[in-house]
Amino acid sequence: MIYVVIIFLATVPTFFITRYIYLRLAEQRINAYFDETVVRHSNEVENIYMQMRGWKHDYHSHIQVLKAHLSLGETDKIEGYLDGLESDLNEVDSIFRTGNVMIDAILTAKLSLARAKNIEVNAKAIVPPVLPIAPVDMCIIVGNLLDNAIEACELLEKGAFVRVYLGVHKEMFYISVQNSDGGKKKKSSTGQGLFRIDKIAEKYGGNVNRQNEPGVFATEIMLPI
């Protein structure tokens, strides 16, 4: 009996050391994913604003070109030039203006990416002036939800869609993202994204509800405000 106790006491420190190392490694993986996600979202947002600044910078040049064609009576070239401008403008045409810079930027970046991939987008966002949620946390929630939705849509050959709604419901900030889903397996990074979303919702006393119905995957998040 004494030997059993000695062996048990000898293995206890090893168990806790192994558990500590495992938890530390898991934490490092989560932090690395968190850093990568924030950098990716920030880069996407920056690209959108660079496009907008580029349009403002080139505005007068476009006017001068159109005037030159007009003075020479080159109406066919004017039409072609305008078609090119319209195509370019469509890339930054769906800019969200809720008043919340972070949400506007991340929605614009992600949904512009979805449209570029020929995914049908239906989105509406109504954001209160003040949200008791850190901008970075909001960026991670919305960014990961849309990343997962776009990734699922990319697995479909046709009929891909993303529906987004943000608003206030019963003193809660309500986030809903639905996407077409063919039931095919997605990347392993999706699981980490879902984990981050759940942890942030828990941090603010909110809750997450996921529903997987035939052809549609939906996520609803309620955060107290």
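Guide: A term to begin with: a salt bridge is a side-chain nitrogen of Lys or Arg within 4 Å of a carboxyl oxygen of Asp or Glu. This is a predicted model, where local features need pLDDT of at least 70, side-chain atom pairs count only at pLDDT 80 or more, and totals for chains, interfaces and linings use all residues. Residues are numbered from 1 along each chain as its sequence is written, and side-chain values use heavy atoms, with hydrogens and water left out.

Visitor: How many salt bridges does a search of the whole structure find?
Guide: The search finds 6 salt bridges. One of them joins the side chains of lysine 117 and glutamate 154, at 2.7 Å from N to O.

Visitor: Where do those two sit in the chain?
Guide: Lysine 117 is in the loop between α3 (101-116) and β1 (120-125), and glutamate 154 is in helix α4 (residues 135-154), 37 residues apart. Helices (H or I, at least four residues) and strands (E, at least two) are DSSP runs, numbered from the N terminus.

Visitor: What does lysine 203 pair with?
Guide: Lysine 203 forms a salt bridge with aspartate 137, with 2.9 Å between the closest N and O atoms. Lysine 203 belongs to helix α5 (residues 189-203) and aspartate 137 to helix α4, so the pair ties together parts 66 residues apart in sequence.

Visitor: Is aspartate 137 buried or exposed?
Guide: Aspartate 137 counts as buried, at 7% relative accessibility, whereas lysine 203 counts as exposed at 55%. Buried means under 20% relative accessible area, exposed over 50%, and partly exposed in between (1.4 Å probe, protein chains only).

Visitor: Which pair lies within helix α5?
Guide: Glutamate 202 and lysine 199 both lie there, 3 residues apart, about one turn of the helix. Their side chains meet in a salt bridge of 4.0 Å, N to O.

Visitor: New topic. How many aromatic pairs are there in the whole structure?
Guide: The search finds 1 aromatic pair. The ring centres of tyrosine 165 and tyrosine 174 are 6.1 Å apart and the planes are at 50°, so the pair is tilted. Rings of Phe, Tyr and Trp (its six-membered ring) pair if their centres lie within 6.5 Å; planes under 30 degrees apart count as stacked, over 60 as edge-to-face and the rest as tilted.

Visitor: And the chain overall, how many helices and strands?
Guide: The protein chain has 5 helices and 5 strands, in the order α-α-α-β-α-β-β-α-β-β along the sequence. Of its 225 residues, 36% are buried.
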